[in-house]
Structure formats: structure tokens, C-alpha cells
Amino acid sequence: KLSIRLQEVGEFVPQDAVLLDIGSDHAYLPIHLVKMGRIKSAIAGEVVQGPYDSAKSNVAAFGLSDSITVRLASGLAAFDPEIDGIDTITIAGMGGHLIADILGESQEKLAQISRLILQPNNGEWYLRNWLQAHQFQISHEMILTENDKLYEIIVACPSKTLLELSEDDLRFGPILRREKSEIFRLKWQSELRAHQAILSQIPVSATDKRQEFLDKIAKIEEVLDVSK
Ligand code: SAM
């Protein structure tokens with residue numbers, strides 16, 4: 001059964017998309033989306049032989065080899081913008097740095113992409129900052145839990161007129177920090193406790209370091225509305 005995390009990623013894929021799923025592993029996401037009738041076709045890209053083989057055999061087992069092409073390739077090398085007609089890219093289950101590196105490697109190939117759906121396991125600040133610096137506007141965000149882990153989904157579209165993200169937007173998410181869902185609160189309450197624990201270990205003499213953490217803690221308290 002498909003994880004809730006990947007189901008939610010799939011919810012952001014537009015109807016009739018032509019999808020590239022980078023780091024597809026077992027190709028579960030494209031298989032799910034084709035079976036649902038959500039997408040026209042997909043390329044499942046995988047850079048490692050084992051997952052590539054498993055993606056290929058899963059696609060064949062579901063009889064979906066006509067609509068899902070599995071390619072052994074790194075990142076954006078899995079598609080040709082002139083031929084493949086890709087309009088949507090999903091990258092899930094990797095670190096935010098790696099996702100940004102993959103997107104940045106041949107950025108000219110993103111020209112025809114109308115939607116990126118990204119699910120970083122960490123490094124959200126870095127990824128949002130990359131999107132901002134490369135003319136992608138964040139249009140949707142989601143935070144969810146599954147098996148006691150927290151996941152964020154970031155959806156972005158190319159935009160010539162970017163709304164500038166503030167430092168708080170980059171850290172907490174421009175949409176998540178306004179929504180302040182229960183799960184968002186859980187995440188930042190736990191970050192708050194972690195920061196307080198670190199602060200208690202910093203010697204009183206290390207004034208600068210302490211101030212850095214005091215500032216971070218104040219920011220989190222502000223977002224959680226607990227400072228008053
Ligand atoms: N996307 C699936 C998910 O969210 O469940 C699989 C996530 S799995 C943790 C990450 C996958 O990305 C691995 O199968 C890995 O081989 C693949 N991967 C890592 N770097 C890649 C790259 N540059 N290009 C394509 N695939 C990559």
C-alpha cells in the first residue's frame with residue numbers, strides 16, 4: 001500500500017500531467033497516479049541499478065509499461081524537454097540540499113515545467129531559498145506525520161513576478177507558518193525543546209553563541225504565539 005506521504009505528494013499532481021518522478025525507487029508514485037487516471041504518462045528516473053530494476057519489474061507487473069517509462073539516469077538527465085513533454089516533476093524522500101542540487105544541475109531543462117512537487121526530508125530552509133533564488137514561487141505547502149515522522153511537501157511554479165520570501169517564510173514555510181496546523185505546532189514545539197536543551201549546555205561565558213540560540217528560540221516562540 002502506498003504511504004500516506006506519497007499519496008499526499010500525488011494529490012498535488014495536476015490532472016493529465018506528464019510526470020517525471022526523480023528518485024522513483026519502486027516507481028510506486030507513478031504507478032499509483034496512472035492507476036488513478038490522474039496522469040497521462042510518466043518517466044520514473046532512478047540513478048541506482050537496484051531500485052531501477054525494481055521500478056522496471058513493478059511497472060511491468062502492473063501492465064503499465066506503455067504509460068510509464070523507467071530510465072536509469074541521474075536527476076534531470078532522465079528526460080529530454082524536446083521529446084518527452086514533461087510538465088510536472090516530483091522529487092520525494094531526499095534531503096533538501098540534494099533536491100536543490102538535482103534541480104540546479106541543468107536548470108535550463110526546467111523552462112517548460114509548470115509545477116515542481118518536492119518532499120524534502122530535511123533542509124527545507126535551503127530548498128525554499130533555492131526556489132526563491134531561481135524564480136520559483138511556492139504555491140502550496142503541507143506538513144504531515146506518518147509513523148511518528150514529520151514530512152513537509154513544497155509545491156512551486158515558475159514565476160516572473162516573485163513575492164519575496166522573508167527569513168521567517170524560508171525557515172517556517174510561507175504557507176505553513178500562516179496556517180499553523182496542529183502538526184506544524186508539534187514540529188516547532190519539538191524544535192523549541194531541542195533548542196532549549198542546547199542552550200542549557202552552552203557556557204554562560206559564550207555570550208554570542210547563547211544569543212544566537214536565544215534569538216532562534218524567540219523566533220520559534222513568536223511563531224507558536226507562546227512568548228507572551
Ligand atoms: N521517491 C521515493 C519515495 O519518496 O519514497 C524514493 C525515495 S528514496 C529514499 C530516494 C531514491 O532516490 C533512491 O532510490 C535513490 O537511488 C534515488 N536517487 C538519489 N539521487 C538521485 C539522482 N540524482 N537521480 C535519480 N535518483 C536519485
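**Close-up views of a predicted model**

The chain holds ten helices and seven strands; helices (H or I, at least four residues) and strands (E, at least two) are DSSP runs, numbered from the N terminus. This is a predicted model, in which local features need pLDDT of at least 70 and side-chain atom pairs count only at pLDDT 80 or more, while totals for chains, interfaces and linings use all residues. Residues are numbered from 1 along each chain as its sequence is written, and side-chain values use heavy atoms, with hydrogens and water left out.

**View 1. The whole chain, before we zoom in.** Along the principal axes, the C-alpha atoms of the chain fill a box of roughly 65 × 40 × 30 Å. Of its 228 residues, 46% count as buried; buried means under 20% relative accessible area, exposed over 50%, and partly exposed in between (1.4 Å probe, protein chains only). Taking contacts between residues at least 6 apart in sequence, 67% join residues at least 24 apart, where contact means heavy atoms within 4.5 Å.

View 2. Look for the side chain of glutamate 46, where an N or O atom is 2.4 Å from an oxygen atom of the ligand. The side chain of arginine 5 also has an N or O atom 2.7 Å from a ligand oxygen. At valine 47 the backbone takes part, with an N or O atom 3.5 Å from a nitrogen atom of the ligand.

**View 3. Arginine 5 and its neighbours.** Arginine 5 belongs to helix α1 (residues 4-11). Its relative accessible area is 17%, so arginine 5 is buried. Besides its neighbours within four places in sequence, arginine 5 is in contact with Ala92, Gly93, Gln119, Leu144, Glu146, Tyr151 and Ile153. With glutamine 119 there is a side-chain to side-chain polar contact of 2.8 Å; a polar contact is a pair of N or O atoms within 3.5 Å, and within protein one must be able to donate a hydrogen and the other to accept it, with residues adjacent in sequence counting only if both atoms are side-chain atoms. Glutamate 146 is 141 residues away from arginine 5 in sequence, yet their C-alpha atoms are 7.0 Å apart in space.

View 4. Six of the eight residues of α2 are buried, and the helix is mostly covered. The buried residues are Leu29, Pro30, Ile31, His32, Leu33 and Val34. Their cover includes α1, β1 (17-22), β2, α3 (49-61), β3 (68-72) and β4 (88-94). Glycine 37 follows α2 and has a positive phi, near 75°. Arginine 38 sits in the loop between α2 (28-35) and β2 (39-46), and counts as buried at 14% relative accessibility. A polar atom of the arginine 38 side chain lies 3.4 Å from the backbone oxygen of glutamate 11. Leaving aside residues within four places in sequence, the contacts of arginine 38 include Gly10, Val13, Pro14 and Leu33.

**View 5. Helices α5 and α6 side by side.** Helix α5 (residues 96-105) and helix α6 (residues 124-133) pack at an angle of about 25°, and their axes are 7 Å apart. Axes are lines fitted to C-alpha atoms, for helices over the stretch in contact, and angles run from 0 to 180 degrees between N-to-C directions. The two helices are therefore roughly parallel to each other, a term for angles under 35 degrees. Gly96, His97, Ile99, Ala100, Asp101, Leu103 and Gly104 of α5 meet Tyr126, Leu127 and Trp130 of α6. By class, this contact has six nonpolar, three polar and one charged residues; Ala, Val, Leu, Ile, Met, Phe, Trp, Tyr, Cys and Pro count as nonpolar, Asp, Glu, Lys and Arg as charged, and the others, Gly among them, as polar.

View 6. Arginine 128 is found in α6 and is buried, with a relative accessible area of 0%. Beyond four places in sequence, the residues that arginine 128 touches include Glu141, Glu152, Asp169 and Phe172. Most residues other than glycine have a negative phi. Glutamine 135, in the loop between α6 and β6 (136-146), has a positive phi of about 65° and is partly exposed at 40% relative accessible area. Lysine 180, in the loop between α8 (176-179) and α9 (182-201), has a positive phi near 50° and counts as partly exposed at 24%.

Notes:
Parallel < 35°, antiparallel > 145°, perpendicular 65-115°, else oblique.
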